[in-house]
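Dear colleague,

Please find below the structure that I am handing over to you.

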Amino acid sequence: MSREPHTIQSPRSEWIWFNGEMVPWDQAQIHVLSHVVHYGSGVFEGIRVYDTPGGPAVVGLDAHVKRLFESAKLLYMEIPFSAEVVREAILETVRRNGHGGCYVRPLAYRGFGQMGVNPTGSPVELAIASWEWGTYLGDEAMEQGVDVGVSSWRKMAPGTHPAISKAVGNYVNSQLIVLEARRHGYHEGIVLDVDGFACEGSGENIFIVRDGRILTPPLGASILGGITRGYVLALAKDRGIEVVEQRLSREMLMTADEMFMSGTAAEVTPVRSIDRQPIGAGRRGPITEQLQADFFALVRGEVEDRHGWLTPV
Ligand code: PPE
């Protein structure tokens, strides 16, 4: 497999839900003086819809809507629609675009009103787009695993940016991480916190396997509380695999038996090397493969939705 980074194509579909109305893709526009453009005052979600034998189904709809509102709360931003309206709008966007499997991107942001850092004079707006999005880190990555490198950037410390909020501004940190990783020929970067413990990827939570147990950084340790992360932990428990949430040093990652990442976009992606050192056998490990299979079987509706994660579109 080449080390060429996977290129993501421009998204496109027909309709975008925009402040309560369906508008054609090209008409969902904002003013260049919108507060979010200058000061990062937005929060978003990434949601996947999978094709199942019973039709398209949204994964974790309520969990994503809940997190959107929590992210907004952390920025003192009041979304001018109820959770119920947002939930329905997500489903309606997918329906109107006629998607099977797709990715949905709700975004609440401060629009155009006033200039100046103080956001209180700028209206909060909401857009929901959807498009068909393939594998995040390349098709081969799902089987072969990806190469990651530890970033020289650090995750924002507690009490700086709220890492647990999916806030637009937080993604400056993520961009620096992924740009550096790609510059060095890695698929993805792993960021350490200010104390040197591993947090996550630029857009994924991380896990290692050691002696048959799964270890992952705890919530509250400068990570996003990934919804896929929660699902992976539940699937591991279903298999009787012990799960430990603890801070992980970079050395623990380097000497792990297996490593993988999770995210809505990234799904469950194996990691085969870190800083050019193979992890375990240098390919997807057996526990990773099992959890990946369990994840896809569930979201694709091939097994019963025993945890109630799917909502039919
Ligand atoms: N950490 C970060 C920093 C992150 O952005 C994501 C999602 C996760 C962990 C995993 O969270 P969850 O999706 O709830 O399991 N990243 C989203 C955006 C990716 C993008 O490039 O845009 C995503 O996967 O939708």
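Which residues line the largest cavity? The lining consists of Arg48, Tyr50, Val59, His64, Ile227, Thr228, Tyr231, Gly263, Thr264 and Phe295. Please bear in mind throughout that this is a predicted model.

**The cavity**

A search of the whole structure returns one cavity of 30 Å³ or more. The volume of the largest cavity is about 80 Å³. Two elements, β4 (47-52) and α6, each contribute at least two residues to its lining. Of the elements, α6 gives the most, with three residues. Sorted by class, the lining of this cavity comprises five nonpolar, four polar and one charged residues.

**The ligand and its surroundings**

The ligand is located in the largest pocket. It is surrounded by 20 residues, of which the closest are Tyr103, Tyr136, Tyr171, Thr228 and Thr264. Thr228 and Thr264 also belong to the lining of the largest cavity. At least two residues of the shell come from each of β6 (102-110), α6 (227-238) and β15 (258-263). The shell contains six nonpolar, nine polar and five charged residues.

- Tyr136 places a polar side-chain atom 2.4 Å from an oxygen atom of the ligand.
- Arg67 has a side-chain N or O atom 2.7 Å from an oxygen atom of the ligand.
- Ile227 takes part through its backbone, with an N or O atom 2.7 Å from an oxygen atom of the ligand.

Taken alone, the ligand exposes 550 Å², and the protein buries 92% of that area.

**The largest pocket**

The pocket that holds the ligand has a volume of about 1,100 Å³. It is lined by 50 residues, and those closest to its centre are Phe44, Tyr103, Arg105, Trp133 and Tyr171. Tyr103 and Tyr171 are also among the residues closest to the ligand. The elements that supply two or more lining residues are β1 (15-18), β6, β7 (124-131), α5 (171-183), β10 (197-201), α6 and β15. The largest share, six residues, is provided by α5. By class, the lining of the largest pocket has 26 nonpolar, 16 polar and eight charged residues.

**The second largest pocket**

How much space lies in the second largest pocket? The volume there is about 290 Å³. Its lining is formed by Ala63, Lys66, Arg67, Glu70, Leu74, Ile164, Leu219, Gly225, Gly226, Ile227 and Tyr231. The elements giving two or more of these residues are α2 (61-74) and α6, and the largest share, five residues, comes from α2. Six nonpolar, two polar and three charged residues make up this lining.

Ile227 lines the largest cavity and the second largest pocket, and its backbone contacts the ligand. Tyr231 likewise belongs to the lining of the cavity and to that of the second largest pocket. Arg67 lines the second largest pocket, while its side chain reaches an oxygen atom of the ligand at 2.7 Å. Among the elements, α6 contributes to the shell around the ligand, to the lining of the largest cavity, to that of the largest pocket and to that of the second largest pocket.

With kind regards

How values were computed. Residues are numbered from 1 along each chain as its sequence is written. This is a predicted model: local features need pLDDT of at least 70, side-chain atom pairs count only at pLDDT 80 or more; totals for chains, interfaces and linings use all residues. Side-chain values use heavy atoms; hydrogens and water are left out. A residue is near a molecule or strand if one of its heavy atoms lies within 4 Å of it. A polar contact is a pair of N or O atoms within 3.5 Å; within protein, one must be able to donate a hydrogen and the other to accept it, and residues adjacent in sequence count only if both atoms are side-chain atoms. Accessible areas come from the Shrake-Rupley method with a 1.4 Å probe; for residues, only the protein chains shown count as cover. On a 1 Å grid over the protein atoms alone, a cavity is a set of points where a 1.4 Å probe fits but cannot get out, and a pocket is an open set with protein on both sides within 12 Å along at least five of seven lines; lining residues have an atom within 4 Å of a point. A molecule sits in a cavity or pocket if more than half of its atoms lie within 2 Å of its grid points. Helices (H or I, at least four residues) and strands (E, at least two) are DSSP runs, numbered from the N terminus. Ala, Val, Leu, Ile, Met, Phe, Trp, Tyr, Cys and Pro count as nonpolar, Asp, Glu, Lys and Arg as charged, and the others, Gly among them, as polar. Grid points are joined across faces, edges and corners, and a volume is the space filled by probe spheres set on the points.
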